[in-house]
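Hi,

Here is the structure I promised to send over.

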Amino acid sequence: MEGKQLTAHLKEVARESGFDDSGVCQARTWPEMLRLDEWLGRGYDAGMWYMGRRRALRVDPAAFFPLASRAFMVVKAYAAGAGEPSVGEGAATISRHAAGEDYHVAMRRMLEPLKRVLADAGYRYRAFTDVAPVMEKVLAARAGLGVIGRNTLLTHPRFGSWVYLGGIVTNAPLACDSPDIRPAACQDCRRCLDACPGGALAADGSLDARKCLSYWTTEAPDEELPRAIRLALGGRLFGCDRCQEVCPRNAGLKPRELVAPPRRTFPLAQLQKLDEEGFLKVFGHTTLRRLGWTRFARNLGAIANPSATPDRSS
């Protein structure tokens, strides 16, 4: 099967597997990837030591998988504009991307048929979704699946930024999808910058994780949250969707079905009754399991009593 035929077949299998769009680009170091060095130099990685330690893999897909010449990228849309009301006092919410089944598990399962196609055709590959040291957003944009906005997220032309990303790097001679077309993403819009609760976003499209609620509630080590972060949480237990909620490119999008039916908002009193066993029973199948009981309890305490503990941010 020649490259164009194999590419068309992979895209058809991707649709059948539940992905909403797919595209191909060269698996190489794109100029946007090298911005990582400036980002690291500013200290924007906060406590994410692995960002620098695995830098060589992140800026070169061929270092991640030495045989790679192409990246086959996929997107799966999830619930845009959510059907639940805004979180009020006495409630906690999780980011839309974390509602329902753990998307890492779901995406890996959905990628299996694509891997079989490549294997049956005699090609080598390595699949990834989110946790691997691969710059998925850059590769997806270069594969024609959207643009990267000032909120640092890939925005798909039909589904906005409410998408999961995944892909496969391979030595198969796949046909690339116009990787050099780079439309302006945000022009003069500043809505996400002005709305970010922690002031983490900059006009140059960079994000300072030290000020980001998503970093503090999903990635930060098991230590007390800084006072400024606790006061800004506003009921956010895991992640923050604010920059996506205000984005004009997300306006008017119809809700999409999640990989599993979502539940995002929970009574605070109900969550406070959970012990570790209860936490696993409620959230063990979701992305929150990766947070672990200790950090879950930390975040819950910060929401319930944002001013109760001393400030350790200085």
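Glu 276, Phe 279 and Phe 283 of H13 meet Gly 292, Trp 293 and Phe 296 of H14, where a contact means heavy atoms within 4.5 Å. Helices here (H or I, at least four residues) and strands (E, at least two) are DSSP runs, numbered from the N terminus. H13 covers residues 276–283 and H14 covers residues 292–304, and the two pack at an angle of about 95° with their axes 10 Å apart. The axes are lines fitted to C-alpha atoms, for helices over the stretch in contact, with angles running from 0 to 180 degrees between N-to-C directions. H13 is therefore roughly perpendicular to H14; that label goes to angles of 65 to 115 degrees, while under 35 is roughly parallel, over 145 roughly antiparallel and the rest oblique. By type, the residues of this contact come out as 4 nonpolar, 1 polar and 1 charged. The nonpolar class is Ala, Val, Leu, Ile, Met, Phe, Trp, Tyr, Cys and Pro, the charged class is Asp, Glu, Lys and Arg, and the others, Gly among them, are polar.

Before going further, a word on where this comes from: it is a predicted model, with local features needing pLDDT of at least 70 and side-chain atom pairs counting only at pLDDT 80 or more, whereas totals for chains, interfaces and linings use all residues. Numbering starts from 1 along each chain as its sequence is written, and side-chain values use heavy atoms, with hydrogens and water left out.

The other helix pair I'd point you to is H1 (residues 3–16) with H6 (residues 103–120), whose axes come within 9 Å and cross at roughly 155°. H1 and H6 are therefore roughly antiparallel to each other. On the H1 side the contact uses Leu 6, His 9, Leu 10, Val 13 and Ala 14, and on the H6 side Pro 113, Leu 114, Val 117 and Leu 118. That set divides into 8 nonpolar, 1 polar and no charged residues. H6 also holds Arg 109, whose C-alpha atom is 9.0 Å from that of Ser 17, 92 residues away along the chain. With a relative accessible area of 45%, Arg 109 is partly exposed; the scheme is buried under 20% relative accessible area, exposed over 50% and partly exposed in between (1.4 Å probe, protein chains only).

Now the overall picture. The protein has 14 helices and 9 strands, and buried residues make up 50% of its 314 residues. Among contacts between residues at least 6 apart in sequence, 78% join residues at least 24 apart.

On to the interior. Nonpolar side chains tend to be buried together in soluble globular proteins. Which residues touch the most other members of the largest nonpolar core? They are Leu 139, Leu 237, Leu 271 and Phe 296, out of 67 residues in that core. A nonpolar core here is a set of buried Ala, Val, Leu, Ile, Met, Phe, Trp, Tyr and Cys residues joined through side-chain atoms within 4.5 Å. Setting aside neighbours within four places in sequence, Leu 237 has contacts that include Ala 92, Ile 94, Leu 271, Leu 288, Phe 296 and Ile 303. There is also a second, separate core of 21 residues, with Phe 72, Tyr 78, Met 110 and Val 117 among them. Val 117 is also one of the H6 residues in the contact with H1.

A few loop residues are worth a look too:

- Asp 130 has a positive phi of about 70° although it is not a glycine. Asp 130 sits between strand E4 (125–128) and helix H7 (136–142) and is partly exposed at 36% relative accessibility.
- Gln 187, again not a glycine, has a positive phi of about 50°. Gln 187 is in the loop between strand E7 (163–170) and helix H8 (191–195) and is exposed, at 62%.
- Arg 249 is in the loop between helix H11 (242–245) and strand E9 (265–267).
- Cys 196 lies in the loop between H8 and helix H9 (213–218) and counts as buried at 16% relative accessibility. The C-alpha atoms of Cys 196 and Cys 212 are separated by 8.2 Å.

Cheers
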